[in-house]
Amino acid sequence: MKKAIVLMNMGGPNNLDEVEVFLTNMFNDKYIIGAPQPIRAMIGFFITSMRKKEAKENYKALGGMSPIVGHTKRLARRLEKIVDADVFYKMRYTPPFAKDVLEHLKPYDEIYAIPMYPHYSSTTTKSSIEEFEKWAKKLGVKGKIRTLDSYYDHELYNKAIVERIKESLGYDNPEEFELIFSAHGLTQRTIDKGDPYQKHILANVECAKKELEKQGIKFKNIHTAYQSRLGPMEWIRPYMDDKLHEMKDKKVIVYPISFTVDNSETQFELDIEYKEIADEVGIKDYRVARAPNHNQYFLETLKDLFENRCA
Ligand SMILES: C=CC1=C(C)c2cc3[nH]c(cc4nc(cc5[nH]c(cc1n2)c(C)c5CCC(=O)O)C(CCC(=O)O)=C4C)c(C)c3C=C
Ligand SMILES: [Fe+2]
Ligand SMILES: [Fe+2]
């Protein structure tokens with residue numbers, strides 16, 4: 001039986017010319033902008049035109065590209081060493097797209113499509129799975145597609161989170177630090193329509209807290225906040241910038257809980273933009289923990305999802 005794993009991620013510009021491709025594709029996704037066509041295309045064109053200049057400047061600060069594709073590719077390579085399957089990766093809004101990767105998947109009997117999103121949201125997980133299945137059908141890929149919705153509660157995944165928090169802490173005393181779990185935001189409207197993302201984030205924070213307790217690591221306080229708000233709508237609260245304003249004179253570790261690999265939201269927004277706010281507010285020590293990336297516990301989580309959790 002020939003098996004393939006496909007790590008499904010969002011993507012990000014691989015060069016500055018792809019910034020427009022990334023934004024256009026994202027805002028053309030019906031799960032991101034709910035309006036029907038052609039209104040969606042018009043809104044997408046408008047937001048892309050408004051954002052692309054600033055977004056390009058941001059990606060310039062990261063060396064002209066998002067780190068997300070590179071991290072996902074490295075993860076796929078390392079995972080391939082420990083599983084009995086060939087490992088691929090595909091992105092939702094930038095190359096390599098589902099249709100590019102599926103061309104290579106025709107000889108496989110079983111295809112394990114694993115979302116790089118531990119929390120289920122229509123805007124990420126559902127959008128990716130649906131698009132992948134649509135292209136598999138169009139291209140006549142016959143292998144059985146297996147997938148799963150979420151894995152934020154996986155014990156090994158939470159061990160990976162705690163490993164990254166410990167790396168950020170080093171030999172310092174956790175009781176002197178505030179720990180903020182920062183999640184990518186979502187509009188309140190999406191949550192009101194029944195999206196479980198925020199529930200999954202809050203449940204993930206509880207799992208991570210339990211793992212910290214198990215390992216005897218006690219922070220002064222633990223908080224959850226939401227970053228990456230965009231546009232005039234109400235997004236889920238508390239907002240990360242408001243949370244940082246409560247942290248004057250404090251020592252803070254931020255853990256980016258939405259993400260399995262580092263990307264522009266961690267390496268630009270948290271590392272650079274929110275660091276500027278932290279300096280303005282007078283935060284004494286501001287640290288951002290890395291996402292799981294190729295942490296051994298995360299690799300073992302993926303191996304277990306492949307072997308035991310995909311249906
Ligand atoms: C406007 C709506 C957006 C929704 C809804 C949204 C949901 C969502 N996104 C992620 C993960 C990532 N988002 C990233 C970047 C990004 N996201 C939006 C907008 C929405 N996201 C924009 C406009 C951008 C581009 C950056 C910017 O210009 O501000 C990224 C980073 C990709 C990269 O380049 O590295 C990730 C990852 C999740 C998990 C999520 C909902 C659950
Ligand atoms: Fe996003
Ligand atoms: Fe952002």
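A: UniProt, in an unreviewed entry, lists His184 and Glu265 under "binding site". UniProt positions follow the numbering used here, feature names are shortened, and annotations may be inferred rather than shown by experiment. The two residues are spread over 82 residues of sequence, yet they cluster in space, with a largest C-alpha distance of 8.1 Å. This is a predicted model: local features need pLDDT of at least 70, side-chain atom pairs count only at pLDDT 80 or more, and totals for chains, interfaces and linings use all residues. Residues are numbered from 1 along each chain as its sequence is written, chains are lettered from A and ligands numbered from 1 in the order in which they are written, and side-chain values use heavy atoms, with hydrogens and water left out.

Take Glu265 first. Its OE atoms are the protein donors of the iron ion (ligand 3), lying 2.6 to 2.7 Å from it. Donors are N, O and S atoms within 2.8 Å of the metal (3.2 Å for Na, K and Ca); water is not among the atoms, so sites may look incomplete. Glu265 is found in helix α10 (residues 264-281). His184 is found in strand β5 (residues 177-184). Helices (H or I, at least four residues) and strands (E, at least two) are DSSP runs, numbered from the N terminus.

Now the sheet around β5. Its 4 strands run in the order β6-β5-β7-β8, open and with parallel pairing. Two strands pair if DSSP finds at least two bridges between them. β6 (221-227) and β8 (285-288) are the edge strands, each pairing on one side only. From one strand to the next, the twist averages 25 degrees. β5 pairs with strand β7 (residues 251-256) in the parallel sense, over 6 bridges. Phe181 stands opposite Tyr255 in β7.

Helices cover this sheet. α10 packs on it, touching β5, β6, β7 and β8, and its direction makes about 170 degrees with that of β8. Contact means heavy atoms within 4.5 Å. Axes are lines fitted to C-alpha atoms, for helices over the stretch in contact, and angles run from 0 to 180 degrees between N-to-C directions. α6 lies across β5, β7 and β8, at about 150 degrees to β7.

α6 (residues 155-169) also packs against helix α8 (residues 197-214), at about 70 degrees and with axes 9 Å apart. That makes α6 roughly perpendicular to α8 (angles under 35 degrees count as roughly parallel, over 145 as roughly antiparallel, 65 to 115 as roughly perpendicular and the rest as oblique).
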